[in-house]
Amino acid sequence: MAFSPRARVLAAALLLGLCCGIGLPAAGRIDEGLEVTWGDGRGSVSPDGQVLTLSLDRTSGSGFRSRDTYLFARADVQIKLVPNNSAGTVTTFYFISEGPWDVHDEVDLEFLGNVSGQPYTLHTNVFAGGNGGKEQQFHLWFDPTADFHTYSIEWTQQHILVLVDGTPIREFKNHADRGVAYPSTQRMRLFGSLWDAEDWATQGGRVKTDWTQAPFLAQYRNFTAADASSSSSSSAAAGGYGQEMDAAAQQAMKWARDNYMVYDYCADGKRFPQGVPPECSMP
């Protein structure tokens, strides 16, 4: 039987997911690795310790952080996003350093809510030494509110890789030797939050939060974080990627980007009339 190119890429993506994080086994209680840090009771852990729920109402959102800090790691978590009319809400999972803000490092995953029936936007960004502006945005190929899906950040000395259900969607390579800032010296902690950003989150802020739908809920489970500070540990943490993605991973990422990327700073000529940042032309 002959398979179409799209079917072959989907099969590769599925295999990647099987090796790289879909259906992650529960690693004890989630609050062994994460702690709710704000929200005045709006963040909670289920009695069995498996699910951490964040809540947002008109008064406040809520959030958590990892108990540990990391210098290169692979972090995976399963998230079930705010259902129905989630316009104005932002659900997050990200690495960030805790030193001075003007030189901070950060790797962002932000899920921008939308009105019922319209897709979420996964907003990604990388900061190094206080400088960001490296936004790429994606829609997802499934309903992220119907069930839990696995979102991963692989941060090694070679690259930063963002994966959705094991499928890589973004790679930011370490080109520090060519003058491109890369987060490599500051330890970072993982954070997650659910908060109101109606001024910008949905359709540029044109659609506001419908507070009659509150409280809004996002759920997290199966959090894991593995050291990736050496070549051997990064290979194990990355499900076998090591320093580079193999051909199947590259093909799966191309499929995701060709079909679901909706914004790329490297293609924004209006934003960069004098030329896009140098890393955009580096292999």
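Q: Before more numbers, what should I know about where they come from?
A: This is a predicted model, where local features need pLDDT of at least 70, side-chain atom pairs count only at pLDDT 80 or more, and totals for chains, interfaces and linings use all residues. Residues are numbered from 1 along each chain as its sequence is written, and side-chain values use heavy atoms, with hydrogens and water left out.

Q: Thanks. Which residue does Glu98 form a salt bridge with?
A: Arg189, and the closest N and O atoms are 3.0 Å apart. Glu98 sits in the loop between β6 (89-97) and β7 (106-112), while Arg189 is in strand β13 (residues 188-196), 91 residues apart, so the pair links distant parts of the chain. A salt bridge here is a side-chain nitrogen of Lys or Arg within 4 Å of a carboxyl oxygen of Asp or Glu. Strands are DSSP runs of E with at least two residues, helices are runs of H or I with at least four, and both are numbered from the N terminus.

Q: And Arg189, buried or exposed?
A: Arg189 is buried, with a relative accessible area of 11%.

Q: Which residues make up the salt-bridge network around there?
A: Glu35, Arg65, Arg67, Glu98 and Arg189 are linked in it. Within it, the side chains of Glu35 and Arg67 meet at 3.3 Å, N to O. Glu35 is in strand β1 and Arg67 in strand β4 (residues 62-70), so this pair ties together parts that are 32 residues apart in sequence. Glu35 is partly exposed at 22% relative accessibility, and Arg67 is partly exposed at 41%.

Q: How many salt bridges are there in the whole structure?
A: A search of the whole structure finds 12. Another one joins Asp57 and Arg42, with the closest N and O atoms 2.9 Å apart. Asp57 is in the loop between β3 (51-56) and β4, and Arg42 is in the loop between β1 and β2 (44-45), so the pair ties together parts that are 15 residues apart in sequence.

Q: Switching to the sheet: what is the strand order?
A: The order is β1-β4-β13-β6-β7-β8-β9-β15, an open sheet of eight strands with antiparallel pairing. β1 (34-38) and β15 (261-264) are at the edges with a single partner strand each, so one side of each has no neighbour in the sheet. Two strands pair if DSSP finds at least two bridges between them.

Q: How are β1, β4 and β13 joined?
A: Four bridges join β1 to β4, and six join β4 to β13. Val36 stands opposite Phe64 in β4, and the bridge partner of Phe64 in β13 is Gly192.

Q: What about the β15 end, which residue of β15 partners Phe138?
A: That is Met261. Strand β9 (residues 136-138) and β15 are joined by three bridges and run antiparallel. Helix α3 (residues 247-260) lies across β9 and β15, running at about 85° to β15. Contact means heavy atoms within 4.5 Å. Axes are lines fitted to C-alpha atoms, for helices over the stretch in contact, and angles run from 0 to 180 degrees between N-to-C directions.

Q: What polar contact does the Arg170 side chain make with another side chain?
A: One with Thr124, at 2.9 Å. The backbone oxygen of Lys134 also lies 2.6 Å from a polar atom of the Arg170 side chain. A polar contact is a pair of N or O atoms within 3.5 Å; within protein, one must be able to donate a hydrogen and the other to accept it, and residues adjacent in sequence count only if both atoms are side-chain atoms.

Note on methods. Buried means under 20% relative accessible area, exposed over 50%, partly exposed in between (1.4 Å probe, protein chains only).
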